[in-house]
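Dear colleague,

I am handing over the structure we spoke about, and the sequence and coordinates are shown just below.

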Amino acid sequence: MKTSVFLEKLQEELEENQSLSKETKLKDLENYDSISLLSVIAFVDENFDQQLDPDQFKNMETVSDLMNIIGLENFESE
């Protein structure tokens with residue numbers, strides 16, 4: 001998946017008005033909460049066929065951290 005497409009889909013999934021970047025801190029997002037976390041887990045499962053463990057999110061701060069958890073090999077650069 002192209003990184004830009006991932007960022008757009010993640011923005012929609014989190015129902016955020018502001019555009020996301022790799023540097024976006026998830027906890028700073030207005031709509032980021034435990035329900036959002038479940039949405040992200042489902043989003044990753046649906047788009048990358050990976051089951052994420054909620055424990056993986058404990059140290060995750062940025063969108064880039066999420067991409068690293070998913071695996072950078074799943075992303076195409078622009």
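Ring pairs join Phe6, Phe43, Phe48 and Phe75 into a cluster. Please keep in mind while reading that this is a predicted model, and that what follows was computed from it.

The count of aromatic pairs comes to four. In one of them, the ring centres of Phe6 and Phe48 are 6.0 Å apart with the planes at 65 degrees, and since an angle over 60 counts as edge-to-face, so does this pair. It connects distant parts of the chain, with Phe6 in helix 1 and Phe48 in helix 2, 42 residues apart. Phe48 also pairs with Phe75, and here the arrangement is tilted, with 5.4 Å from centre to centre and 50 degrees between the planes.

Leaving aside its neighbours within four places in sequence, Phe6 is in contact with Met1, Phe43, Phe48, Val63, Leu66, Met67, Ile70 and Phe75. Phe6 is also listed among the residues with the most contacts inside the largest nonpolar core, together with Leu10, Leu14, Val44, Phe57 and Leu66, and that core has 21 residues. Helix 1 (3-13), helix 2 (34-48) and helix 3 (63-70) each supply at least two residues of the core, and helix 2 gives the most, with five. As background, nonpolar side chains in soluble globular proteins tend to be buried together.

Which residues of helix 1 are buried? They are Thr3, Phe6, Leu7, Leu10 and Gln11. Seen down the axis of helix 1, these buried residues fall within an arc of 135 degrees, so they line one face of the helix. The buried residues of helix 1 pack against helix 2 and helix 3. Helix 1 is followed by Glu15, whose phi is positive, near 55 degrees.

Not counting residues up to four places away in sequence, Ser36 touches Leu14 and Asn31. Asn17, by contrast, is found in the loop between helix 1 and helix 2, and its relative accessibility of 79% makes it exposed, as the cut-off for that class is over 50%. The C-alpha atoms of Asn17 and Glu30, which are 13 residues apart along the chain, are separated by 9.2 Å.

Finally, there are the charged side chains. How many salt bridges does a search of the whole structure find? It finds one, in which the side chains of Lys58 and Asp55 meet at 3.5 Å, N to O. Lys58 is exposed, with a relative accessible area of 60%, whereas Asp55, at 47%, is partly exposed.

With best wishes

Definitions and conventions: Residues numbered from 1 in each chain as written. Predicted model: local features only at pLDDT ≥ 70, side-chain atom pairs only at ≥ 80, totals over all residues. Heavy atoms only, no water. Core = buried A, V, L, I, M, F, W, Y, C linked by side-chain atoms within 4.5 Å. Buried < 20%, exposed > 50% of the residue type's maximum accessible area, 1.4 Å probe, protein only. Helix = DSSP H or I, 4+ residues; strand = E, 2+ residues; numbered from the N terminus. Contact = heavy atoms within 4.5 Å. Arc of directions from axis to C-beta. Salt bridge = Lys/Arg side-chain N within 4 Å of Asp/Glu carboxyl O. Phe/Tyr/Trp six-rings, centres within 6.5 Å; stacked < 30°, edge-to-face > 60°.
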